[in-house]
Amino acid sequence: MKPTTTPRTYRVKSFGCQMNVYDGERMAEMLAERGIAPAPEGEEADLVVLNTCHIREKAAEKVYSDIGRLQKADGTKPLIAVAGCVAQAEGEEIMARAPAVSMVVGPQAYHRLPEMLDKAVQGERATDTDMPAIAKFAALPERKKIGPTAFLTVQEGCDKFCTYCVVPYTRGAEISRPYSDLVTEARKLVEAGAKEITLLGQNVSAWGGENDKGQHVGLAGLIRDLAEVDGLARIRYTTSHPADMDDALIAAHGEIDKLMPFLHLPVQAGSDRVLKAMNRSHTVESYLKLLEHFRTARPDIALSGDFIVGFPGETDAEFEETLKVVDAVGYAQAFSFKYSPRPGTPAATMDGQIAKEVMDERLQRLQAALNRDQHAFNAASVGKTCQVLVERKGKHPGQWLGKSPWLQSVWFEGDFAIGDLVEVELVEAGPNSLAGALRQMVALTV
Ligand code: SAH
Ligand code: SF4
Ligand code: F3S
C-alpha cells in the first residue's frame, strides 16, 4: 500500500449489539485523542472504521459491499479499518480479499488501533485479532462521553456455547472487568453528563468481582454500589442469561430505586427439546419460574426477550410452544429472528435445516403475537405518571423524546434541556411509543 497522510477526520460505523456500540465509542475516543476529528455529517471521512457484527445473515458479504461503497467518485478511498466480530472471525480472509482494507482489528485488540494507524499511514497493512482481554481497558483513554445515557461494558465474552451462536468464538471467554475500574468509569461518565448507565455484557449477569471491602460480589452488589454514585439517576443492565440469575439480583429489583424495572432475558425457544439442542441450560419451566420471582420482587417489571424461529429440527408443534411462552409471559417488548446458520457453529451442520418459507411464516406469526403484547403493555401504561429522562429533541419544535422506566419511548412537549428528568403522565399509547403530558420537572436529588 502507498504511504498516505495522517487522517484528519474519522467515522466509526457500528453494527450489531450495544457492546459493539460501546466499543465504537471507545475507538472514537482514541482517535479523538490523536487529534482526529469526527467527520461532519454528510462529509466523507479520511478514516472509516467498520465495526462489524457476525451474529446473523450475510455479515461478511455486507462488509465487502460496504468496503466497495467507500470508494470515492474520484477513485480515491479513505483509510479503512475493519473492526468487530467479523474482523475477529474472518480477519485473514478480509485482508486477502479486500486490498482496500489497511487494518483489521478484533474486539479485544482495538486499544492498539492508534499504533496500527501509524503503520497504515506508512503504507503497512496490519491485522490484530489477539485476545488479551482486560489489557484493552487499561490502555484506553478516559471516558469523555457526554449525553444523558451511557453504556458501560462490565463483562465480556461468553462460555455458554449455544449451538447456533458465534459470540463465544468472536468475543472469547467470559471475563469480568474489575470492580474499582467500573466504579471509576461510572463516575467519569456521570461527570461527563450521564444520568443513566446501562451495564453491558454478553452475559452481564455472570459479572463477579471483589468490592472495595474485599468481598466477592455479583452484579447485584455492583449495582448496589453504583446506585450510590451522586448524580446517577438510573441503572439498567443487559443481556442476561437465565443460568446466571441469582437471588441477589432478583432482590435488587425490589430494593434499589435507581435500578429500572426492566429485564431483558432471552428464552430463544418454547420447546425443551429445542432448548436442549440449542445448549441453553434452562427449560421453559425454569425460565418462567425465574420470571415469576422477578415479578414478585418488582410487580411492575417490564419483560423483554429474544427468540429464534426455525432452529434445525424445529417442528410446527415445537414452534407453537414458543407462542405459548409468549402468551404466558406477556412481553413488553422483544426481539425475534430467523435462525441463521453461522460458520463453525454446531447447529450449522445439524440435520433438519428449516426452509426459508417456513421460517418466514413462523417469524410473522411470532412477531404478530409480540407486537400485540407490546401494544397491550403500552396501553396498560396509560394513566400512569412516571419519570422520563429527556434524551433528544423531537421532530417538531418544543417536542422531546425520552424513555420511561420501562424503556418505552415517550414523546412530550415543554421547555426542557436534554438530560432533564421530568415527570409525565402517559396519556396515549401507540405500538412503539407513548405520548406524555408534563406534570413537573424532577430535581435530581440522586
Ligand atoms: N448473549 C446474549 C445475546 C446474544 S446475541 C444472550 O445470550 O442472550 C443476541 C440474540 O441474537 C440472541 O439472543 C439470539 O436470539 C440471536 N441469535 C444469535 N445467534 C443467532 C443465529 N445464529 N441465528 C439467529 N439468531 C441468532
Ligand atoms: Fe450466544 Fe448463547 Fe452466549 Fe448468548 S449465551 S452470547 S446466545 S452463546
Ligand atoms: Fe454482533 Fe459481535 Fe455483538 S457478533 S451481536 S457485534 S458480540
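Helices (H or I, at least four residues) and strands (E, at least two) are DSSP runs, numbered from the N terminus. The model is predicted: local features need pLDDT of at least 70, side-chain atom pairs count only at pLDDT 80 or more, and totals for chains, interfaces and linings use all residues. Residues are numbered from 1 along each chain as its sequence is written, chains are lettered from A and ligands numbered from 1 in the order in which they are written, and side-chain values use heavy atoms, with hydrogens and water left out.

**Backbone geometry**

T239 lies in the loop between β13 (234–238) and α9. Most peptide bonds are trans, and most residues other than glycine have a negative phi. Q268 is not a glycine, yet its phi is positive, about 80 degrees. The loop between β14 (262–264) and α10 (272–277) holds Q268. N279, also not a glycine, has a positive phi of about 65 degrees. N279 sits in the loop between α10 and α11 (284–297).

**Burial**

Relative accessible area sets the classes: buried is under 20%, exposed over 50%, and partly exposed in between (1.4 Å probe, protein chains only).

| Residue | Relative accessible area | Class |
|---|---|---|
| C158 | 10% | buried |
| C165 | 14% | buried |
| Q268 | 7% | buried |
| N279 | 40% | partly exposed |
| E93 | 39% | partly exposed |

E93 belongs to helix α3 (residues 84–97). I354 is 261 residues from E93 along the chain, and their C-alpha atoms are separated by 29 Å. What of disulfides, and how many does the count give? A disulfide is a pair of cysteine sulfur atoms within 2.5 Å. The count is zero disulfides.

**Helix α1 against helix α4**

Axes are lines fitted to C-alpha atoms, for helices over the stretch in contact, and angles run from 0 to 180 degrees between N-to-C directions. Helix α1 (residues 18–33) and helix α4 (residues 113–121) have axes that come within 10 Å and cross at roughly 55 degrees. Angles under 35 degrees count as roughly parallel, over 145 as roughly antiparallel, 65 to 115 as roughly perpendicular and the rest as oblique. The pair α1 and α4 is therefore oblique. A crossing is left-handed if the near helix is turned anticlockwise from the far one by less than a right angle, and right-handed if clockwise. α1 passes α4 in a right-handed crossing.

Contact means heavy atoms within 4.5 Å. From α1, M27, M30 and L31 meet L113, P114 and L117 of α4. This contact of α1 with α4 has six nonpolar residues, no polar and no charged. Here Ala, Val, Leu, Ile, Met, Phe, Trp, Tyr, Cys and Pro count as nonpolar, Asp, Glu, Lys and Arg as charged, and the others, Gly among them, as polar.

**Helix α8 against helix α9**

Which angle do α8 and α9 make? Helix α8 (residues 219–226) packs on helix α9 (residues 247–255) at about 25 degrees, with axes 8 Å apart. That angle makes α8 roughly parallel to α9. Their crossing is left-handed. L219, A220, I223 and R224 in α8 meet A248, L249, A252 and E255 in α9. By class, the contact of α8 with α9 holds six nonpolar, no polar and two charged residues.
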